[in-house]
Amino acid sequence: MNRVLIAGATGYLGGYIAKELVKLSYPVRALVRNPEKLKQNKIEVTEIVQSEITRPDSIKDCCKNIDVVISTVGITRQKEGLTYMDVDYQANMNLLQEAKKHGVKKFIYISVLNGENLRDLKICEAKELFVKQLIESGLDYCIIRPNGFFSDMTEFYKMATKGRVYLFGDGELKTNPIHGEDLAAVCIEAIQKPDQEIKVGGPETLSHNEIATVAFDALGIKPKITHIPNWVRVVTLKIVRLFTGSKVYGPIEFFMTVMAMDMVAPEYGRHTLREYFTNLNQVNR
Ligand SMILES: NC(=O)c1ccc[n+]([C@@H]2O[C@H](COP(=O)([O-])OP(=O)(O)OC[C@H]3O[C@@H](n4cnc5c(N)ncnc54)[C@H](OP(=O)(O)O)[C@@H]3O)[C@@H](O)[C@H]2O)c1
């Protein structure tokens with residue numbers, strides 16, 4: 001059985017991957033900075049290595065006796081004054097160096113759908129620079145390119161709970177977000193598969209209007225959607241880029257860019273947004 005190191009197990013996707021690996025009886029080493037988070041999420045891996053992946057000295061020999069590394073490490077909601085280059089690129093580079101040093105057989109990395117075409121965005125610039133280094137590393141690798149996660153669709157739900165969802169343009173752009181559990185299965189299957197790149201989204205391709213409507217339905221409220229003209233998005237993006245630093249505008253520019261294009265990947269999985277929003281509604285009751 002391949003021995004797997006997972007970096008990012010305290011996050012949304014990494015948590016699902018770690019749980020599934022354990023369920024499938026893989027020996028799992030989790031590289032985390034806060035083991036308490038694993039406990040809270042009831043993730044019981046074979047071995048926990050507490051370290052700071054951003055500091056190479058702290059992860060020394062973390063890949064010893066490891067066959068496969070899976071990294072979901074990246075900045076999503078963390079606000080710690082670090083840049084995408086510090087984390088999405090450099091922290092993963094630190095891990096890649098360790099993987100090479102210890103003869104790891106395969107490195108599986110989570111980038112983002114269309115990342116290779118969106119390198120002008122700070123997050124994609126950092127992720128794709130790491131992808132390039134991984135490809136050139138000489139290790140066997142797989143780049144997973146997922147569509148947006150259900151965890152991010154919570155924003156639609158939150159707006160719906162306040163009675164109105166705001167969308168850019170006419171709301172007819174389409175996307176197929178994916179649940180962490182479905183995506184975790186894809187990441188784990190990649191251990192055995194020869195594919196070097198996997199693009200993947202959830203089982204339903206929906207317009208933004210349809211996603212908003214599903215959120216209202218889950219709440220049992222009549223849908224109220226306001227469409228914001230696209231020029232507002234363009235001007236707002238210019239202003240935030242001009243008047244804030246990349247740590248502030250990075251996540252905003254990514255969100256505002258992907259909300260203005262169709263984001264559709266090959267459909268996979270079984271979890272639906274209706275089920276996800278309904279669960280949120282039950283938990284929040
Ligand atoms: N969310 C989406 O819609 C989406 C879509 C496509 C691709 N992705 C990519 O998929 C990956 C996983 O996303 P996710 O939603 O699961 O993210 P998440 O829940 O924020 O998890 C990210 C993981 O990275 C770790 N991390 C972040 N900054 C760190 C730092 N400075 N030092 C050490 N560890 C750090 C986090 O550790 P802590 O728990 O200690 O903070 C966490 O374990 C990310 O690379 C993301 O860019 C996300």
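How many aromatic pairs does the structure hold?

Analyst: Happy to walk through this. The model is predicted, so local features need pLDDT of at least 70 and side-chain atom pairs count only at pLDDT 80 or more, while totals for chains, interfaces and linings use all residues. Residues are numbered from 1 along each chain as its sequence is written, and side-chain values use heavy atoms, with hydrogens and water left out.

The structure holds 7 aromatic pairs; rings of Phe, Tyr and Trp (its six-membered ring) pair if their centres lie within 6.5 Å, with planes under 30 degrees apart called stacked, over 60 edge-to-face and the rest tilted. One of them joins Y12 and F149, a tilted pair at 5.9 Å centre to centre with 35° between the planes. Y12 sits in helix α1 (residues 12-23) and F149 in the loop between β6 (140-146) and α5 (150-161), so this pair ties together parts 137 residues apart in sequence. Helices (H or I, at least four residues) and strands (E, at least two) are DSSP runs, numbered from the N terminus. Y12 counts as partly exposed because its relative accessibility is 24%; buried means under 20% relative accessible area, exposed over 50%, and partly exposed in between (1.4 Å probe, protein chains only).

Another pair, Y157 with F277, is stacked: 5.9 Å centre to centre, 20° between the planes. Y157 belongs to helix α5 and F277 to helix α10 (residues 273-284), so the pair links parts 120 residues apart in sequence. Both Y157 and F277 are buried, and together with F150 and Y276 they form one aromatic cluster.
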